[in-house]
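This briefing is meant to be read with the sequence and the coordinates side by side. Please keep both open while going through the points below.

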Amino acid sequence: MPSPNTDIATMIKSQAASLGFDACGFAAASPVDDEAVARYDHWIEQGHNGCMLWAARHRDLRRDPSMLLEGAQTVISLALNYYPSRFQPADVMQVAYYAYGRDYHEVMRERLTALARFIEHTTGCTTRACVDSAPIRERYWAQRAGIGFIGRNNCLIIPGKGSYFFLGEILTTALLAPDEPCRSSCGDCGKCIEACPASALRRDSAADASRCLSCLLIENHSDTLPEWVASVVGDRVVGCDECQRCCPHNGHAPTTTIADFSPTETVMTLTRDRILSMTAGEFKRTFAHSAISRLRYKTLLRNTTLND
Ligand code: SF4
Ligand code: SF4
């Protein structure tokens, strides 16, 4: 069995930093531990994945990264900060910070691909880059790779930096020395549970996505939403940041240095009238490179009129 190469590991981390990643960690690509599998299965069995039907698919692949890349030895977990330096005014329809700027799938994919090429060139090993493109337990791997811990708000929290991070992974057949898993936790805090407008969080379990506004507004494309949503949704039309805003770990969240994640002019001026006067074609053009495109035109209109 070859020994992990620490020089190459250092070079990969240094390259990741120069590509703008805020955190990079390595975990051995062994099967997901039994406890985490049982927790996930229980979450699905309770129906807490809500309209995220994809979460119940490919559970065998989610358990074992070597099924996503033959011969995988290491999962490299990476994080990109998206916390904005300026915010929407209060008189426009509210969009979660993650969707302020350019579609993170594009931004993350470009950087992951550059890093994956570097790894292949340096090690001669194969890689597979994943950004919501493969059934992989990304927060689990981020914790295993020492980047952060999974908070009660179900976000990955990086100690000292907070939770406004996109996650991506590179699977590789390169054997890299694993980092120590992150052992931090929320402790006694329960601020996000109190702050959640939809009562979707529990102290002892994962979020109930069937109640989470973020999930309902973005992933549920039916013509109507449950009646109770109108009484708590406020002026949100894309996602919800409430359980991150209240988190003490985000009290000193650093702002992103990635210009692509700055709010677009459209987001800064996204009034109700602007949305309701938009045609389907305009929606497609306007949000072609925005995560908002994943909502679909009809869903954005529905979200805008929930209080009518
Ligand atoms: S995103 Fe909003 S609705 Fe969902 S768990 Fe967090 S606070 Fe609750
Ligand atoms: S608000 Fe408190 S309980 Fe919730 S994720 Fe942050 S630290 Fe954990």
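This is a predicted model: local features need pLDDT of at least 70, side-chain atom pairs count only at pLDDT 80 or more; totals for chains, interfaces and linings use all residues.

Which residue of β7 does V75 stand opposite? V75 stands opposite L171 in β7, and this pair belongs to an antiparallel pairing of β2 with β7 that extends over eight bridges.

**Overall build**

- The protein contains 13 helices and eight strands, and 49% of its 308 residues count as buried.
- A compact globule of 308 residues would have a radius of gyration near 19 Å, and the 20 Å found for the protein agrees with this.
- Taken along the principal axes, the box filled by the C-alpha atoms is roughly 65 × 40 × 35 Å.
- Among the contacts in the protein with a separation of 6 or more, 76% are made by residues 24 or more positions apart.

**Strands and their pairing**

- Strand β1 (residues 23-28) is largely enclosed by the rest of the structure, because five of its six residues are buried.
- β1 pairs with strand β2 (residues 74-81) in the antiparallel sense over six bridges, and within this part of the model T74 of β2 is the bridge partner of A28.
- β2 also pairs with β7, again in the antiparallel sense, over eight bridges.
- Strand β4 (residues 127-130) runs antiparallel to β7 and is joined to it by four bridges, with T172 of β7 as the bridge partner of T127.
- Strand β7 (residues 165-172) is mostly covered, since eight of its eight residues are buried under the cut-off of under 20% relative accessible area.
- In a regular strand the side chains alternate between the two faces of the sheet.
- In β7 both faces are covered, with F165, L167, E169 and L171 buried on one side and F166, G168, I170 and T172 buried on the other.

**Helix α13 and its cover**

- In helix α13 (residues 297-304), the buried residues are T299, L300, R302, N303 and T304.
- An α-helix has 3.6 residues a turn, so residues three or four places apart point the same way.
- The cover over the buried residues of α13 includes α7, β8 (236-238), α11 (272-276) and α12 (280-286).

- Not counting residues up to four places away in sequence, C243 touches N153, C192 and L201.
- C243 and I170 are 73 residues apart in sequence, and their C-alpha atoms are 28 Å apart in space.

- Around ligand 2 lie G151, R152, N153, I157, C186, C189, G190, K191, C192, C247, P248 and H249.
- The shell around ligand 2 divides into six nonpolar, four polar and two charged residues.
- N153 and C192, both among the residues around ligand 2, are also touched by C243.

**Loop residues**

- N49 lies in the loop between α2 (34-45) and α3 (59-63) and is buried, with a relative accessible area of 7%.
- Leaving aside its neighbours within four places in sequence, N49 is in contact with W43, I44, A55, A56 and A209.
- Most residues other than glycine have a negative phi.
- H58, which lies in the loop between α2 and α3, has a positive phi near 50°, and at 47% relative accessibility H58 counts as partly exposed.
- D132, found in the loop between β4 and α5 (138-144), likewise has a positive phi, near 55°, and at 45% relative accessibility D132 counts as partly exposed.

Technical notes:
Residues are numbered from 1 along each chain as its sequence is written. Chains are lettered from A and ligands numbered from 1 in the order in which they are written. Side-chain values use heavy atoms; hydrogens and water are left out. A residue is near a molecule or strand if one of its heavy atoms lies within 4 Å of it. Ala, Val, Leu, Ile, Met, Phe, Trp, Tyr, Cys and Pro count as nonpolar, Asp, Glu, Lys and Arg as charged, and the others, Gly among them, as polar. Helices (H or I, at least four residues) and strands (E, at least two) are DSSP runs, numbered from the N terminus. The radius of gyration is taken over C-alpha atoms; the globule rule is 2.2 Å times the number of residues to the power 0.38. Buried means under 20% relative accessible area, exposed over 50%, partly exposed in between (1.4 Å probe, protein chains only). Contact means heavy atoms within 4.5 Å. Two strands pair if DSSP finds at least two bridges between them.
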